Amino acid sequence: MHKTLYDLMSRSLRTAAGVLALVAVLFTALGVFMPGTADAHAQMVQAVPAADSRLETGPSSVTLKFNEAIEEQLYNINVLNAKGAKLGSAGARVTENGTVLRLELKQKPGEGVYTVSYSVISADGHPVEGAYVFTVGDPPATEDVPKFPIEGHELHEGDHAGHVNQQVSWDMDLQQYVQFAVRIAYYIALLILSGWVLWNAVLPIGSQDLQTSLKDGMLLAQRAQLLLLLLYIFVHAWNLVGQQGLNQWSRLFTQTDVGLSWMVSLVWSFVGFVILGRNRMMDIVWVMVLLSAKAMTGHAAGFDPQWLTVSLNYAHLLASAVWVGGVTLLLVQWRKLGEVKEAYVSAVSRGALWSIVALIATGILSTFVFLPRIDYLLYTQWGEFLILKTVLVLTVLVVGAYLRNRIKKGKALSELLKLDAGLMAAILVIVGIFTYISPLPANEPLYFHEMGETQHGTVRISPNVPGVNTFTVKVFLPENRGEPKQVLLRMHPLDRPETGAITVPVKAFKDEDFDAFTGFEKYAYKVEGPYLPFAGKWLVELRVLDPEDNEKVYKTEMRIY
């Protein structure tokens, strides 16, 4: 028995080393092939007061609107003065189906520069944090953006409506590498253990030697899954709440969906050491519950309708467990199968084929649920990873078909089985990465500025999302020439040319920004309104008619999601 366990552990270590090497190769390739970034899943799309706004009187509250639901029991929002002191508040609450966070202030802030700092957790369990500045009245010129740590991060110039980035490239810090490595390792351990339990419940018993090896392997897989689950929970919980205190940690594990899901997974993993291997039906139920807890988190929790997204996620996990568990079971127990080898290979081959079919079907359906349009696959790393995963899955289908053909001819399978396992490992690495980055591209405020010999033009659109935005136009004309006769801002929906251009009715306002140019006079215009009604590709056109009737046209293209 000890020799069997030793052999099993030796093979497991060799397999783990191969997977780690594959991870390194994939990270190298992906760092070159896909060097961009993908943003956290919830994004702050509107703030009242708005970032960089100047108010005559202080607001009685601060309202932040996000593009998707946030956890209603775990958030942090503060308003700080120029010295870093928090203003007194009458409490904060989440409203409008979890998409709006509102902080009531005990008293309106007086003249000065203030910073809004916030940190929330999106419904799919990802941290989102940021800060921005607004001004009340006309404070002294020496009072500038505060330079002090804000709730665990440093505020830098231009830091508005921030969010946590998940970057898959060589620019990642150690914490991000650890996060992705732990996610990949836990995901593999979960699927291997779940798959082994399912296959052991339906496959023939076999020899005593095989039974002993399977029992030892199951115990080793349980221990690995539990250890990696603990590490997974700690790493991601630290990323969500960090050093915010025991109260926040307690709320995370007892009042949030992601924390409760972790607790169910942890408790049920311990239960597995007591009940697994005693009753085949109970073993299957144990797997169903464990996978259900995992299916409730991730992208499935952040999209509607949740009954559909969670169901698809669960089916995807179950199919993955059947495939991964079957392939690894054959690989590890190949020499001990003996007289049941043919039955094992035939059953796993059929199961793997239908699992791949189910993976493709649920993956396609999930993609259509997550993305407004299929071409969004081209705009994010999530889409690029999904395309790469699809290519590998199709390769697995080809290898699987060849394997089944070899089975019928009774020929050797070990080398092809190793190839299938290698492709499987590559897919699992990709899944472990792309399940933590957002399927949706992130919108960024537009800042467009064009210099000229006799005129400069600037257009700013914030937050630059479908719906209500703030449009700011600045025109710089030579001194003493006078103000423009006409300033016209028009938005052309390039994806819908039949709609026609939308005129944005900007109006003159007093701009306090220090963005003057020597020898030029600045004229500023602004309006807030729903002049970008839908997502798509837009042509931003600014037409300026100067006092001498000379017209200058500025154009830039952008895409909002």
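Predicted model: local features only at pLDDT ≥ 70, side-chain atom pairs only at ≥ 80, totals over all residues.
The crossing of α6 past α7 is right-handed. On the α6 side, the contact is made by Met288, Leu291, Ser292, Lys294 and Ala295, and on the α7 side by Val310, Asn313, Tyr314, Leu317, Leu318 and Ala321. Eight of the residues in the contact of α6 with α7 are nonpolar, two are polar and one is charged.

The protein as a whole contains ten helices and 21 strands. Of its 561 residues, 50% are buried. Among contacts between residues at least 6 apart in sequence, 69% join residues at least 24 apart.

Helix α6 (residues 280-295) also packs against helix α2 (residues 174-202), with the axes 8 Å apart and at an angle of about 155 degrees. Because angles over 145 degrees count as roughly antiparallel, α2 is assigned as roughly antiparallel to α6. The crossing of these two helices, α2 and α6, is left-handed. From α2, the contact involves Tyr186, Leu190, Leu193, Ser194, Val197, Leu198, Asn200, Ala201 and Val202, which meet Arg280, Asp283, Ile284, Trp286, Val287, Leu290, Leu291 and Lys294 of α6. By class, the residues of the contact of α2 with α6 comprise twelve nonpolar, two polar and three charged.

The crossing of α3 and α5 is left-handed. Residues of α3 in this contact are Leu219, Gln222, Arg223, Gln225, Leu226, Leu229, Leu230, Tyr232, Ile233, His236, Ala237 and Leu240; they meet Val258, Trp262, Ser265, Leu266, Ser269, Phe270, Gly272 and Phe273 of α5. The residues of the contact of α3 with α5 divide into 13 nonpolar, six polar and one charged.

Two individual positions were also examined. Ser61 belongs to strand β4 (residues 61-66). With a relative accessibility of 9%, Ser61 is classed as buried, since the cut-off for that class is under 20%. A polar contact of 3.0 Å joins the side chain of Ser61 to the side chain of Arg102. When neighbours within four places in sequence are set aside, Ser61 is in contact with Val48, Pro49, Arg102, Leu103, Glu104 and Leu105. Gly110 is located in the loop between β7 (100-105) and β8 (112-122). The relative accessibility of Gly110 is 39%, and the residue therefore counts as partly exposed. In sequence, Gly110 and Thr57 are 53 residues apart, whereas their C-alpha atoms are 7.1 Å apart in space.

Methods. Residues numbered from 1 in each chain as written. Heavy atoms only, no water. Helix = DSSP H or I, 4+ residues; strand = E, 2+ residues; numbered from the N terminus. Buried < 20%, exposed > 50% of the residue type's maximum accessible area, 1.4 Å probe, protein only. Axes fitted to C-alpha atoms, helices over the stretch in contact; angles between N-to-C directions. Parallel < 35°, antiparallel > 145°, perpendicular 65-115°, else oblique. Left-handed = near helix turned anticlockwise from the far one by under 90°. Contact = heavy atoms within 4.5 Å. Nonpolar A, V, L, I, M, F, W, Y, C, P; charged D, E, K, R; others polar. Polar contact = N/O pair within 3.5 Å; in protein donor to acceptor, adjacent residues only side chain to side chain.
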